[in-house]
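My entries follow the order in which I checked things.

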Amino acid sequence: MICPHLIMFKTEYGLENYDTIYCSFILPLVLPDPTYYQACICCFDCETYNNDKLMACMHCIYFGCFEQHYLLHASSKIHNIFVEIPSGNIFCSVCKDFIYDTEVDDIVKKYSNFTGRQCVSWKPTTDECKLLREHSKRVKVDPSTSIGMKGIINLGNTCFMNCIVQAFLHTPMLRDYFFSDKHKCVAKKSTECLFCLLSRIYQRYYADDDSTTLSLHEILCLVWKHDLNLYGNNQKDAHEFFISARNLLHQVSSPHNHSQGPCNCIIDSIFHGNLQSDVVCQKCLNVSTKIDPLWEISLDIPEPPSEGGLLECLYHFTRPEPLGSNGKINCSTCKSYQEGTKQLTFKLLPLIIVIQLKRFEHVKSKYQKKCLYVPFPIDLDMSPFLTGRRNMQGKENQCNLSNPEQSNDLSDNRYSLYAVIVHKGTLSGGHYIAYIRRTKNKWFYCNDLVVVPVEIEDVLASEGYLFFYHKTVLPYE
């Protein structure tokens with residue numbers, strides 16, 4: 001049949017997304033680690049593994065079960081064109097029928113006739129499907145179990161590292177990258193490459209033996225060599241370790257580019273964004289704009305803290321701030337020094353947003369910790385804080401933070417929480433733990449070797465220090 005919806009889709013987007021889906025999930029040229037598909041190819045909503053009826057959205061990166069959830073996605077996002085996994089057939093949710101298209105057929109023939117193929121289709125045989133269902137220790141597990149979660153040995157005040165690595169292990173796009181075996185090491189020794197060391201950790205973490213515990217001694221030694229601030233056996237800052245590990249991964253993944261701005265390496269693709277700074281002359285209203293790279297967001301905690309919590313901290317971060325008489329700017333239009341205001345907004349949001357609450361501060365030449373509860377959301381809409389959405393006139397003209405439905409572009413700027421790092425105790429006797437989202441509705445409490453299920457209410461009641469949010473809907477690139 002001729003489908004007008006597919007014609008409209010091809011006119012606007014072409015068939016590059018179909019090509020991506022087909023060569024990645026239908027008939028890949030190089031088959032990734034077998035556990036990759038078991039961990040990733042499932043319904044994003046109910047997380048069931050149904051090899052015969054799984055629909056991949058052609059508009060965005062989404063998999064939904066045929067029985068229910070792909071239709072909910074189609075109606076809520078107005079995404080009509082899907083690819084059936086593993087057949088590769090195109091389906092229109094409006095016409096409610098499969099569609100034959102000659103251009104699609106050409107793509108299928110291109111991969112079917114490829115002579116350099118290193119594997120066959122990933123579709124399991126009947127016996128393999130039976131084995132997947134019967135084997136209780138496979139990576140794709142029932143959300144009610146703790147299989148697939150492992151503890152990490154504390155090597156002596158290394159909880160700051162353990163909790164960050166737990167977050168890395170559950171960062172979806174990093175996990176996909178490691179399971180796809182895309183890293184090509186150029187180091188003389190694998191022990192000198194953080195990517196290689198993390199790759200081994202990923203393999204051990206998702207191995208069948210759920211009794212295995214992990215040791216990060218090689219990673220710790222490597223980080224010591226590259227960051228003297230983290231050297232030694234005393235307690236370190238988890239946020240500082242995250243920055244050091246991320247920078248080291250970036251240098252390894254893009255050794256010739258890391259000092260030349262953003263690149264297309266996996267680390268930049270995931271964590272890099274842009275922050276815009278606008279300085280306005282209060283006399284002539286001339287605006288001077290500067291764009292800076294954004295890797296994480298560090299937020300002050302207003303005192304006394306309000307019920308707005310993390311959203312209020314984001315508003316405080318993006319509010320217009322008078323520079324005062326001691327911070328006058330040299331206005332290029334007025335040709336003189338004038339008072340001005342400065343405002344920060346998010347020009348480009350990264351795929352993974354890492355937010356730090358500034359709980360540690362200098363007070364009278366001493367470090368102190370702010371032990372304050374700051375409410376934070378599971379689902380975060382960043383639309384109100386984008387450049388062009390915040391208003392220089394003040395809070396009264398901003399989008400209603402308590403009602404994100406008033407924002408536009410919700411599907412593009414929504415994020416979901418998947419890891420929370422908590423610092424317990426004092427600066428002299430503190431300890432880091434992590435709350436990790438294993439599946440959509442299942443969270444785990446990770447305290448070094450102790451890994452146990454936890455209720456979402458316990459997560460939301462914690463005094464979070466670092467928050468890891470990933471974009472809810474990802475575009476194909």
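The entries below go from the helix to the strands.

I noted that this is a predicted model, in which local features need pLDDT of at least 70, side-chain atom pairs count only at pLDDT 80 or more, and totals for chains, interfaces and linings use all residues. Residues are numbered from 1 along each chain as its sequence is written, and side-chain values use heavy atoms, with hydrogens and water left out.

**Helix α4.** I looked up α4 (residues 69-77) and found His69, Tyr70, His73 and Ala74 buried, where buried means under 20% relative accessible area and exposed over 50%, with a 1.4 Å probe and protein chains only. These residues lie on the same side of α4, because they cover an arc of only 145° around the axis, taken from the directions from the helix axis to the C-beta atoms. Ser75 and Ser76 are exposed on the face turned away from that buried side. Just after α4, I found Ile78 with a positive phi of about 55°.

**Strand β4.** I then checked β4, where five of the five residues are buried, so the strand is largely enclosed by the rest of the structure. Ile81, Val83 and Ile85 point one way, whereas Phe82 and Glu84 point the other way. I recalled that side chains in a regular strand alternate between the two faces of the sheet.

**Pairing.** β1 and β4 pair in the antiparallel sense over four bridges, pairing requiring that DSSP finds at least two bridges between two strands; Met55 stands opposite Glu84 in β4. β4 and β5 form a hairpin with four residues between them, and Gly88 in the turn has a positive phi of about 85°.

Note on methods: Helix = DSSP H or I, 4+ residues; strand = E, 2+ residues; numbered from the N terminus.
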